[in-house]
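The notes are in the order in which I checked things.

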Amino acid sequence: LDTMSWSYESKTLNTKSSNVLKPGGHYLNVASSAWTFEKGVEQVNGILTLWNFIKHKLINLVRPGVLPNYSLVAVEPNGATVQEVVNLVSNGTIKAVIDSTFPLERAQEAYAKLEEGHVTGKIVLLHKDYE
């Protein structure tokens, strides 16, 4: 499950340099309709996301299991569609793998760990009121 696919999709799906997904694993890209532009550049993978989706579907049709399964879901930023994803996590359809947790005050350290490229799951930031 990747809600910031434009930032980490390529790193996650690059099977030559990443073992984030095990063989037969599933990559779920939750694409928001709230895509943004910064300095005139779209902050999403755009055509690359579409290419990854098509490539994974076609290759897995011909040679099942060669690439991770890939699903692309577009959501509107509202409670009903987010609840659908929460339900998938709750019923075990999607399993969140957590690499590590950090208090919110250590967000810079968490980001540095993520950028090192050796994370094997999600890094979770904990707010002091919800720890």
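The notes below go from the overall fold to single residues and pairs.

**Overall make-up**

I noted at the outset that the model is a predicted one. I counted four helices and six strands in the protein. Reading along the sequence, I wrote the order down as α-β-β-β-α-β-α-β-α-β. I then looked up burial: of the 131 residues, 24% are buried.

**Strands β5 and β6**

I next asked in which sense β5 and β6 pair. Strand β5 covers residues 98-103 and strand β6 residues 122-126, and the two run parallel, with five bridges between them. I looked up two of the partners. I98 has K122 as its bridge partner in β6, and S100 has I123.

I also checked how the chain gets from one strand to the other. Together with helix α4, residues 107-116, the strands β5 and β6 make a β-α-β unit, and this unit is right-handed.

K122 got a separate look. This residue lies in strand β6 and is partly exposed, since its relative accessibility is 38%.

**Salt bridges**

How many salt bridges are there? I found two, taking a Lys or Arg side-chain nitrogen within 4 Å of an Asp or Glu carboxyl oxygen as the cut-off.

One of the two is K113 with D99, where the closest N and O atoms are 2.8 Å apart. K113 is in helix α4 and D99 in strand β5, so this pair ties together parts that are 14 residues apart in sequence. I checked the accessibility of both partners. K113 is partly exposed at 27% relative accessibility, and D99 is also partly exposed, at 24%.

R106 and E109 form a salt bridge too, with 2.9 Å between the closest N and O atoms. For R106 I read a relative accessibility of 36%, so it counts as partly exposed. E109 has a relative accessible area of 42% and is likewise partly exposed.

I then went to the surface and looked for nonpolar side chains grouped together. I47, L48, L50, W51, I54, L58, L61 and V62 form such a patch, and their accessible area together is about 840 Å². I picked I54 from the list and placed it in helix α2, which runs over residues 47-62.

**Strand β4**

L72 was my next stop, in strand β4, residues 69-75. L72 has a relative accessibility of 34% and therefore counts as partly exposed. From L72 to T49 I noted 8.6 Å between C-alpha atoms, for a pair 23 residues apart along the chain.

**Helix α3**

Last, I checked the length of helix α3, residues 79-90. The helix has 12 residues, and its first and last C-alpha atoms are 16 Å apart, close to the 16 Å expected at 1.5 Å a residue. I looked at what comes after α3 and found G92, with a positive phi near 90°.

Key
Residues numbered from 1 in each chain as written. Predicted model: local features only at pLDDT ≥ 70, side-chain atom pairs only at ≥ 80, totals over all residues. Heavy atoms only, no water. Patch = residues over 30% accessible without salt bridge, like charges linked within 9 Å, V, L, I, M, F, W, Y side chains within 5 Å. Areas by Shrake-Rupley, 256 points an atom, 1.4 Å probe, with all protein chains shown as cover. Pairing = 2+ DSSP bridges. Right-handed = clockwise from strand over helix to strand, strands pointing away. Expected span 1.5 Å × (residues − 1). Buried < 20%, exposed > 50% of the residue type's maximum accessible area, 1.4 Å probe, protein only.
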